[in-house]
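Here is a brief report on one structure. Look at it first, then read on.

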Amino acid sequence: MNEAKPNKKPFVLYVVIVLGITVLLNVLIMPMIAEAQIIEVDYGTFMSMTEKGEIGEVQIQNNRILFTDKSGEQIYETGKMDDDDGLVQRLYNSGAKFSGEIIEETSPILSFILSWILPLVVFYGLGYFLMKRMNKRGGGNTMMFNMGKSNAKVYVKSSNGIRFSDVAGEDEAKENLAEIVDYLHDPQKFREIGASIPKGILLVGPPGTGKTMLAKAVAGEASVPFFSMSGSEFVEMFVGMGASKVRDLFRQAKEKAPCIVFIDEIDAIGKKRDGNLGGNDEREQTLNQLLTEMDGFEGNGGVIILAATNRPDSLDPALTRPGRFDRRVPVELPDLKGREEILKVHAKKIKVYGNIDYNRIARMASGASGAELANIVNEAALHAVRAGRRSVTQMDFEESIEVVIAGYQKKNAILTDKEKMIVAYHEIGHALVAAKQTHSAPVQKITIVPRTSGALGYTMQVEEGNRYLMTKVELENRIATLTGGRAAEELACGCITTGASNDIEQATKLARAMISRYGMSEEFGMVAFEAQTNRYLGGEAVADCSAETHSAIDRMVVELVKKQYGKASDILRENRRKLDTLAQKLYEAESITGDEFMSILEAE
Ligand code: ADP
Ligand code: ZN
């Protein structure tokens, strides 16, 4: 970490304020306190006290008389009368002591030190201490002294920096970024030929796929400083702070060039600006500042900006236009091979027992992101510790997949016997329909142990390899498989339950997509009736058609799902005996593996 220099200006201001306070104290407050100790009395009282011999010490000044009572504790003051001739004699007679100074004057040097130097020293010390502490805590950004300074984290090249080899999979992204590393190593090569490297590169992909890691790895490979800041950090608290933070970040970066500036969640500041009144002014100012800064430096200045986002289509066009973030590097969810590599990278950090079949784990964790896989490995290690083992086994891994993907095993959820039976039929229904349709992926594991996620049972299907394309038949089969649970319930106990709600949702979504997006209906053909807004975050589909078409689509969705439900019911009816045996087996064992399932299914 590179410690930021404390900004001198606010400190000077602070000293000036302290000086002001000290002057005020000395000129106004101190005399008031001193005066407050003196009681003013009239001349008559003074005379009568003299008469009664109650005066202790007395001091006659030019225009007033100061005196104390006999105890000498209280000081009184009265005006001086010119015509009182025998006063001194009378005072003498009453036994009063004449005193040079009743009010004790401390030595002028001491009093100067006490009232001027001491407060200054105390305030200075206090201010210095506070500033140091805040600097330490806020990484150089303190509310009081350093408003608007960027608190970008700086990692100067270090021996334990992240390298490309730490990022598993993502070969395309790495290849893309290798050019940047090359440039940072030898900018001259690029300059000579007249090529300019892109100023900004957008890393686009779903959360947890290693975008931050890749950016750090670029800095690590090129051994240049790495500044990182999250888009949401720019937009904070006070209006105008964001813009000045951007300015500060780039000032720091230019000093350290060549270097990498990484802005995470750039969509937080770079969202499309709309014409709405009362929009987010702060965000807009910050964005404008960012654009200005990006235009401000030369393409070959050595500052390279990497930014991450999972919603590239929501970015302001001004950001993505040439000369700014004009290069896009997709960082996708890992495929089977990638998942296996990521698991291996993370498994290096834990103690494993014997040979672990990472391929099998990777296949079970289809769709998991890098971050989720890292989590699975960690959960496996935790599971091993809980079981009192000293190293992690294959079983720990498999259990942890279910934990991460399906929620923790809910040991104390109690199903009634009847419920358990229905759930067993439901899950076997899915599995049986899947297995009987040649194109469906075989079953890995079926369990009816409830999960905290709310699922009562769970059928884990394994995809053989990666699927990029699905045929119409495969999609239909998937819908049939999804309806298989409900079909089995109906067949077995003649009743239907709420347990199928998730299946219904998924089946409906698939069916709708087939008709309105994949062009798989005979009636409409290749016409899209839905626009998908956000490909990377689940993607909501927005209907884009007339009301009549809409209702026609609805009708077709119903027909499609009904047809598949019928198909699933037929399959189950034909295999009624197998259905009963399997459900009974699952009911007893609570969980059966794919192999057990297949052996029962194929046995005659
Ligand atoms: P993003 O910035 O895309 O949200 P991160 O880079 O912050 O994701 O990744 C989060 C964590 O996930 C990393 O710290 C790392 O442990 C793990 N991870 C993600 N992708 C990979 C990968 N390709 N190889 C190894 N670990 C990864
Ligand atoms: Zn189901």
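## A loop glutamate and its strand partner

Glu265 sits in the loop between strand 9 (259–264) and helix 10 (267–270). Helices (H or I, at least four residues) and strands (E, at least two) are DSSP runs, numbered from the N terminus. Phi of Glu265 is near 45 degrees, a positive value in a residue other than glycine. Glu265 counts as partly exposed, at 35% relative accessibility. Here buried means under 20% relative accessible area, exposed over 50%, and partly exposed in between (1.4 Å probe, protein chains only).

The side chain of Glu265 makes a polar contact with the side chain of Ser230, at 3.1 Å. A polar contact is a pair of N or O atoms within 3.5 Å; within protein, one must be able to donate a hydrogen and the other to accept it, and residues adjacent in sequence count only if both atoms are side-chain atoms. Ser230 belongs to strand 8 (residues 226–230). At 11% relative accessibility, Ser230 is buried.

## Basis of the model

This is a predicted model, in which local features need pLDDT of at least 70 and side-chain atom pairs count only at pLDDT 80 or more, while totals for chains, interfaces and linings use all residues. Residues are numbered from 1 along each chain as its sequence is written, chains are lettered from A and ligands numbered from 1 in the order in which they are written, and side-chain values use heavy atoms, with hydrogens and water left out.

## The ligand site

Which residues come nearest to ligand 1? Of the 15 residues around ligand 1, they are Ala168, Gly208, Lys211, Thr212 and His346. A residue is near a molecule or strand if one of its heavy atoms lies within 4 Å of it. The shell residues divide into 7 nonpolar, 6 polar and 2 charged. Ala, Val, Leu, Ile, Met, Phe, Trp, Tyr, Cys and Pro count as nonpolar, Asp, Glu, Lys and Arg as charged, and the others, Gly among them, as polar.

An oxygen atom of ligand 1 is 2.5 Å from an N or O atom in the side chain of Thr212. An oxygen atom of the ligand also lies 2.9 Å from a polar backbone atom of Gly208. A polar side-chain atom of His346 is 2.9 Å from a nitrogen atom of ligand 1. On its own, ligand 1 has 570 Å² of accessible area, and the protein covers 79% of this. Accessible areas come from the Shrake-Rupley method with a 1.4 Å probe; for residues, only the protein chains shown count as cover. Helix 7 (211–222), helix 13 (336–347) and helix 15 (370–386) are the elements that give two or more residues to the shell.

Ligand 1 lies between domain 3 (153–274 + 282–330) and domain 4 (336–406), because both give residues to its shell. The domain bounds come from an automatic or database domain assignment.

## Around helix 5

Glu170 is in the loop between strand 6 (153–155) and helix 5 (171–185). Its phi is near 50 degrees, again a positive value in a residue other than glycine. Glu170 is buried, with a relative accessible area of 13%.

Ala173 lies in helix 5. Ala173 is buried at 1% relative accessibility. Ala173 and Val331 are 158 residues apart in sequence, yet 6.2 Å apart in space, C-alpha to C-alpha.

## A buried glycine

Gly485 is part of helix 18 (residues 472–493). Its relative accessible area is 0%, so Gly485 is buried.
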